[in-house]
Amino acid sequence: MFDCTGSNLEGENLRRGAAVSTQDGTMTAWRVLRPGPIDGRPMDRVRAPIRRPRAGELLVRVLACGVCRTDLHVAEGDLPVHRTGVVPGHEVVGEVVELGPGEGEWFAIGDRVGIAWLRHTCGECKFCRRGAENLCPGSRYTGWDADGGYAEFATVPADYAHPLPPGYADAELAPLLCAGIIGYRALQRAALPPGGRLGIYGFGGSAHLAAQVALARGAEVHVMTRDPKARELALELGAASAQGAADAPPVALDSAILFAPVGDLVPPALEALDRGGVLAIAGIHLTDVPALNYQRQLFQEREIRSVTANTRADAREFLAFAAEHRLDVTVQPYPLAAADRALTDLAHGKFAGAAVLIP
């Protein structure tokens with residue numbers, strides 16, 4: 001288990017050009033203390049010590065933090081507890097305010113950086129050696145193994161911090177750091193052929209970004225989602241069609257991505273694939289998949305592929321794409337004090353696009 005305890009600032013000033021006072025050395029943060037249904041308020045807003053960065057780490061002032069469905073799975077206990085009382089949040093846009101001992105080669109005080117889901121891999125296992133660090137058995141994650149961005153400050157190993165593309169507001173950048181990166185990896189896993197037909201099941205924060213990448217590459221995109229507002233957004237972004245979550249698209253699909261964490265959608269998604277089509281399942285959690293009919297849903301070399309986290313190379317590639325292609329990031333802002341309401345609204349589908357906390 002990743003040890004996130006350590007000394008706090010105890011009233012010291014942070015280094016940020018001119019010193020920035022933290023007064024009593026504490027910050028506002030949300031902790032998951034009673035994992036369970038989000039309507040039961042499993043998180044508490046607390047005052048917590050600001051932990052100083054260790055060797056090789058950065059301390060950042062959080063400027064924005066995206067609200068991801070994975071945060072909901074952590075809060076509700078769908079993902080097993082890795083650290084009791086963890087601070088969720090892994091789509092963090094922050095300003096570097098202090099460098100840990102020995103750090104300073106890549107980042108400087110005042111830099112704007114991103115903190116994403118992946119924050120540690122061993123670098124030595126067979127998966128790391130072959131470039132598949134997302135499969136590292138020793139991998140650790142922001143907002144699950146270590147405290148994340150539902151707070152005023154956060155730390156990150158410098159090797160896992162990301163330079164951010166220009167031209168975006170802080171709130172627009174936040175969803176890129178997980179929703180965007182995971183959507184990009186899911187699109188790669190879906191093996192969409194050039195100019196192919198892509199089906200997208202569920203159309204939230206990640207899906208609306210992956211759709212734009214696919215459209216920029218010349219794909220024809222068809223969206224299946226239960227939310228009428230999300231269907232409207234899909235059509236506004238350029239989707240060729242938008243229909244109900246389990247409805248058949250108007251054409252056979254070359255590839256599909258399942259973003260909704262609903263196992264019941266796997267059979268209709270497979271059935272919508274053309275011969276040789278690939279379904280990528282993008283979520284870290286999925287409800288049980290019902291029995292499949294081999295002839296209708298798997299025969300003719302249809303494939304199912306899971307998506308597990310991402311590599312830093314995925315992040316670099318996607319953020320470079322975002323720098324070259326201005327993405328339309330649909331954001332629903334919430335104050336940090338309303339993080340529990342943001343997660344509840346996410347669970348109940350009350351907004352299209354991505355929610356973002358603003359401290």
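Me: Which residues does Ser206 touch, leaving out those up to four places away in sequence?
Reply: Ser206 touches Ala179, Ile182, Gly183 and Phe259, where contact means heavy atoms within 4.5 Å. This is a predicted model, in which local features need pLDDT of at least 70, side-chain atom pairs count only at pLDDT 80 or more, and totals for chains, interfaces and linings use all residues. Residues are numbered from 1 along each chain as its sequence is written, and side-chain values use heavy atoms, with hydrogens and water left out.

Me: Is Ser206 buried or exposed?
Reply: Ser206 counts as buried because its relative accessibility is 15%; buried means under 20% relative accessible area, exposed over 50%, and partly exposed in between (1.4 Å probe, protein chains only).

Me: And where does Ser206 lie?
Reply: Ser206 lies in helix H5, residues 205-216. Helices (H or I, at least four residues) and strands (E, at least two) are DSSP runs, numbered from the N terminus.

Me: What about Ile304: which strand is that in?
Reply: Ile304 is placed in strand S15, which covers residues 303-306. Ile304 counts as partly exposed because its relative accessibility is 38%.

Me: Changing topic, which domains does the assignment give?
Reply: The protein chain has domain 1 (26-168 + 329-357) and domain 2 (181-306), with bounds from an automatic or database domain assignment. The contact takes 18 residues from domain 1 and 14 residues from domain 2.

Me: How far apart are the C-alpha centres of the two?
Reply: The C-alpha centres of domain 1 and domain 2 lie 27 Å apart.
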